[in-house]
Amino acid sequence: VQLQASGGGLVEPGGSLRLSCVASGNIFSINEMRWYRQAPGKQREMVAIITNGGMTVYADSVKGRFTISRDNARNSVYLQMGGLNPEDTAVYYCNVDGKTYPKYWDFDSWGQGTLVTVSS
């Protein structure tokens, strides 16, 4: 299963961006869809999770500013980011797990990352 992330770029403090990630391949089902980020010199951290039932979890640092959503028909997950500040500068990665067909093997795939830079 391959993931393709997009939507990163340069944005001024206070601005907004929407990240997208689409999964492709022999996908039978998708469980959780997640966004992580890794800032320069720091460890990768979880940003947001959405379950197949639509439950969401956010890192404290992004609560109230970021919204994760998914489109099951398109095997896609999105991250709407608002109120961006320089501390949000990072490479953002999508991560998806589920099962493939025809043998219902588990998969856990990562996207290639998309860079978000918040700067004036």
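Okay, let's start with Phe-28: its relative accessible area is 48%, so it counts as partly exposed, a class that lies between buried, under 20%, and exposed, over 50% (1.4 Å probe, protein chains only). Before I go on, this is a predicted model, where local features need pLDDT of at least 70 and side-chain atom pairs count only at pLDDT 80 or more, while totals for chains, interfaces and linings use all residues. Residues are numbered from 1 along each chain as its sequence is written, and side-chain values use heavy atoms, with hydrogens and water left out.

So, what does Phe-28 pair with? The structure has two aromatic pairs, meaning rings of Phe, Tyr or Trp (its six-membered ring) with centres within 6.5 Å; planes under 30 degrees apart are stacked, over 60 edge-to-face, and the rest tilted. Phe-28 pairs with Tyr-104: the ring centres are 4.7 Å apart and the planes sit at 80°, so that's edge-to-face. Phe-28 is in strand β4 (residues 27–38) and Tyr-104 is in the loop between β9 and β10 (106–110), so we're linking distant parts of the chain, 76 residues apart. Strands here are DSSP runs of E, at least two residues, and helices are runs of H or I, at least four, all numbered from the N terminus. Tyr-104 is partly exposed too, at 46% relative accessibility.

The other pair is Tyr-36 with Trp-110, and this one is tilted, 5.0 Å centre to centre with 50° between the planes. Tyr-36 is in strand β4 and Trp-110 in strand β10, so parts 74 residues apart in sequence get tied together. Trp-110 comes out at 38% relative accessible area, which makes it partly exposed.

Cys-21 belongs to strand β3 (residues 17–24) and Cys-94 to strand β9 (residues 90–100), so the bond ties together parts 73 residues apart in sequence. Are these cysteines buried or exposed? Cys-21 is buried at 2% relative accessibility, and Cys-94 is buried at 0%.

Last bit: charges over rings, which here means NZ of Lys or CZ of Arg within 6 Å of the ring centre and within 35 degrees of the ring normal. Arg-18 has its charged end over the ring of Tyr-78, 4.2 Å from the centre. Arg-44 does this with Tyr-93, at 3.8 Å from the ring centre.
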